[in-house]
Amino acid sequence: MSDRPLAADTLGRRRYLQASGAAALATAGLAGCIGTATGTLATRVTDQPADIADFESLVVTIEGIWLGPEGAESGADGNQTDDADGAADSDADGNQTSDGGTQSDDGGGESEPAGREYLEFDEPQEADLVRLQDGETQLIDERELSVGSYQFLQLDVSAVDGTLSGGDEATVDLPGNAPLTFNEAFEVRENTRTTFTADFAPVRRGTGSYLLRPVPSGIEVSYGDTDGGDDGDGGDGSAADG
């Protein structure tokens, strides 16, 4: 018969079981992380000149972004133009696109575009486009995502508040009340910081109001390190429309 006390044997067995259980949980946790490579997406905004000189301030409130993976629908056909300095009379009534869905011509029902991924910000972000000229940009969101390829990025703009240089309030609309859509393909790469800079500008209409339009020729996508050293003005590669 062993001279070791029974209490000591019991305590030793408990410690062994606890250690074994902890090791098993750690192994399970490690297994759950395998195959979930991630990268960082930083979204920035900027402004082309267009008719921004008319404004003392033009504050855009952005609630989140939609991302369009392969096969996704934007629901915003015709919601962009390269003519940042030209008139926008073709959609002066705001009927070119729907408000994020597929809307019938008679104003009937609408449905959510298929395949989009919505990422809501922790807090709404405000950007004064008057301050975002001559290459100035503003970071509105940065987050870690699973690696993947995307065909477009959309801004969920909830409000546009414009004050003209003379102090009067300006009426600034979105195209058909649709999300601002930027059709520039980009990737979220493993251990890489992807910076997507969305460029848009106000365009004066014949009615005296303004239309906020994406400017595809000003979209920029860059890739850099995830250490935060690259704030979107550089990287190991870039792509821009136009």
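This is a predicted model: local features need pLDDT of at least 70, side-chain atom pairs count only at pLDDT 80 or more; totals for chains, interfaces and linings use all residues.
Some conventions come before the structure. Residues are numbered from 1 along each chain as its sequence is written, and side-chain values use heavy atoms, with hydrogens and water left out.

I start with the overall make-up. Along the sequence the pattern is α-β-β-β-β-β-β-β-β-β-β-β-β-β. Of the 242 residues, 41% are buried. Buried means under 20% relative accessible area, exposed over 50%, and partly exposed in between, with a 1.4 Å probe and protein chains only. The accessible surface comes to about 12800 Å², and carbon and sulfur atoms hold 44% of that; the areas come from the Shrake-Rupley method with a 1.4 Å probe, and for residues only the protein chains shown count as cover. Contacts here are heavy atoms within 4.5 Å. Among contacts with a separation of 6 or more, 80% are between residues 24 or more positions apart.

Now the strands. Strand 1 covers residues 38–47, and nine of its 10 residues are buried. Which strands does strand 1 pair with? Strand 4, residues 138–146, runs antiparallel to strand 1 and is joined to it by eight bridges. Strand 10, residues 193–204, pairs with strand 1 in the parallel sense, also over eight bridges. Pairing here requires that DSSP finds at least two bridges between two strands. Arg 44 has a bridge partner in each of these neighbours: Leu 139 in strand 4 and Thr 197 in strand 10. Thr 40 has Arg 193 of strand 10 as its bridge partner.

Strand 10 itself is mostly covered, with 11 of its 12 residues buried. Strand 12, residues 220–224, pairs with strand 10 in the antiparallel sense over five bridges, and there Thr 195 stands opposite Ser 222. Strand 11, residues 210–214, is likewise antiparallel to strand 10, with five bridges; Val 203 stands opposite Leu 211. The hairpin of strand 10 and strand 11 has five residues between the strands, and Gly 208 in that hairpin takes a positive phi near 95°.

Is Gln 138 buried or partly exposed? Its relative accessibility is 22%, so Gln 138 counts as partly exposed. Not counting residues up to four places away in sequence, Gln 138 touches Thr 43, Arg 44, Val 45, Glu 126, Ala 127, Asp 128 and Leu 132. Its C-alpha atom is 10.0 Å from that of Ala 198, 60 residues apart along the chain.

Next, the core. The largest nonpolar core has 36 residues, and those with the most contacts inside it include Val 45, Leu 67, Phe 186 and Phe 196. Such a core is a set of buried Ala, Val, Leu, Ile, Met, Phe, Trp, Tyr and Cys residues joined through side-chain atoms within 4.5 Å. Its largest share, six residues, comes from strand 2, residues 55–69. Leaving out residues up to four places away in sequence, the contacts of Phe 186 include Leu 41, Leu 67, Tyr 150, Phe 196 and Tyr 223.

Last, the rings. There are five aromatic pairs. Rings of Phe, Tyr and Trp (its six-membered ring) pair if their centres lie within 6.5 Å; planes under 30 degrees apart count as stacked, over 60 as edge-to-face, and the rest as tilted. One of the pairs is Trp 66 with Tyr 118, tilted, at 4.9 Å centre to centre and 45° between the planes. Trp 66 is in strand 2 and Tyr 118 in strand 3, residues 117–128, 52 residues apart. Trp 66 is buried at 13% relative accessible area, whereas Tyr 118 is partly exposed at 35%. Tyr 150, Phe 186 and Phe 196 form one aromatic cluster.

Two arginines sit over rings. The charged end of Arg 116 is over Trp 66, 4.3 Å from the ring centre, and Arg 189 lies over the face of Tyr 223, at 3.6 Å. The criterion is NZ of Lys or CZ of Arg within 6 Å of the ring centre and within 35 degrees of the ring normal.

Notes. Helices (H or I, at least four residues) and strands (E, at least two) are DSSP runs, numbered from the N terminus.
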